[in-house]
Every structure is written in structure tokens, then in C-alpha cells.
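Dear colleague,

I am passing on the structure that I said I would send, and below it you will find what I found when I went through it. Please keep it open beside this message while you read.

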Amino acid sequence: MLNLSSDAKPSPDLRLYEKLMMLFPGYRGYKEKELVRETDRVVRDELYRRLKKCVGGLKNYYSSIASSTGSTPLTERLEKLIYKIDSLAERTRHAPYGYKPLFHAIKVDEEVLNKMLEHDLRLGEIAEALEKAASNPPSSITDAEPFLANIERLAKEYEVMLEGRDSLLSGYRR
């Protein structure tokens, strides 16, 4: 029988498997990594949501431009940008987890997790900037060029960071 001191007992609020992980030495680290995995999912869901809001803002802008000008190089450029950001949103949503299960062949170490978190922070900053930029389109078509150039730059920066994150988790760098 396992003898526990009063300070080693888990909180009654924890699920059974969480209690077991907290009771036995070595399992706590696995629980912490499981929490990292869950946090990673939440982060990716939020990045996805922000990118989809950006796409929504760009679609609204596209509708207003297309209704007044028809098909132009500007609307074609905007279509490509909408497609690119939507594609980035889907890649983000389905990106690999930052943690592999206990018996997985490839394990992600703490250093890689920390670098991944730094990438996620930067991805969040870029996604926020994209969301804000797309929600504030110019009122004049003459101002569309700097607006689109800024969003294209941010989308490219996001794409590079997302590829860097994937490279970290797969164990190689591009």
C-alpha cells in the first residue's frame, strides 16, 4: 500500500488519471506536458479564429471594391490574399502538436517547446496585426496599395514563422 503524507495528496478536484499522475514520481512531468499539449491546441484555435476574422474583413472589402469596380488587378490581388490567409488559417488549425504521447517515437524536449512557445507568441502578434489591419480597410481605392502591401507582408511573415514552428517540431531546420 502506498503511504502518502498529507502534503502529497492530490486535490479532490482532479480527475482520477490526474490524481495518479500527481501521486507517482515521474508522472507529473507527463501531466505537465499534457497541459502543454492542451494549451497548444487552445493557442492554435485562437490563431485560427483571428486569421478567419482577417479573411472575413478582406472578403467584406473585396465585396465593396468588386461591386464598384468589377474585376480588376486589385480584386484579383485581393482574391489571392484572401486565399493565402485562409490557407494559413487551415495550416495553423491542423499544425502538429507541440507534444508527442508518452510512447511516441519522436519526443519533443523542453528546449523545443520553449522555442515553439516563442514562435506561437510571434504568430499571435502577427495574427493580431492582420486582424486589425483587415478590419480597417481604406475608404478610397487609391489607398488600397499600402493596405494590401501591409497585409501581404504580414501574411508572408506569418507563413515564415509557421514554417519555422513546423521545422522545430519535426527536428529539422530549413
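A search of the whole structure, which is a predicted model, finds one aromatic pair. The two partners are Tyr61 and Phe147, whose rings are arranged edge-to-face, with 5.0 Å from centre to centre and 70° between the planes. Tyr61 belongs to helix H2 and Phe147 to helix H5, so the pair ties together parts that are 86 residues apart in sequence.

The protein has five helices and zero strands, and from the N terminus on its elements run α-α-α-α-α. Of its 174 residues, 31% count as buried, while the accessible surface comes to about 10,800 Å², of which 56% belongs to carbon and sulfur atoms. If we take the contacts with a separation of 6 or more, 73% of them are accounted for by residues 24 or more positions apart.

What lies inside? In soluble globular proteins, nonpolar side chains tend to be buried together. Here, the largest nonpolar core has 30 residues, and those with the most contacts inside it are Leu51, Leu58, Ile85, Leu130, Ile151 and Tyr158. Two or more residues of this core are given by each of helix H2 (27-69), helix H3 (73-93), helix H4 (110-134) and helix H5 (144-170), and the largest share, nine residues, comes from H5.

Finally, which residues of H3 are buried? They are Leu74, Thr75, Leu78, Leu81, Ile82, Ile85, Leu88, Ala89 and Thr92, and, seen down the axis of H3, these buried residues fall within an arc of 145°, so they line one face of the helix. On the other side of H3, Pro73, Lys80 and Tyr83 are exposed. The helix itself has 21 residues and reaches 30 Å from its first C-alpha to its last, which is close to the 30 Å expected at 1.5 Å a residue.

With best wishes

Notes
Residues numbered from 1 in each chain as written. Predicted model: local features only at pLDDT ≥ 70, side-chain atom pairs only at ≥ 80, totals over all residues. Heavy atoms only, no water. Helix = DSSP H or I, 4+ residues; strand = E, 2+ residues; numbered from the N terminus. Buried < 20%, exposed > 50% of the residue type's maximum accessible area, 1.4 Å probe, protein only. Contact = heavy atoms within 4.5 Å. Areas by Shrake-Rupley, 256 points an atom, 1.4 Å probe, with all protein chains shown as cover. Core = buried A, V, L, I, M, F, W, Y, C linked by side-chain atoms within 4.5 Å. Expected span 1.5 Å × (residues − 1). Arc of directions from axis to C-beta. Phe/Tyr/Trp six-rings, centres within 6.5 Å; stacked < 30°, edge-to-face > 60°.
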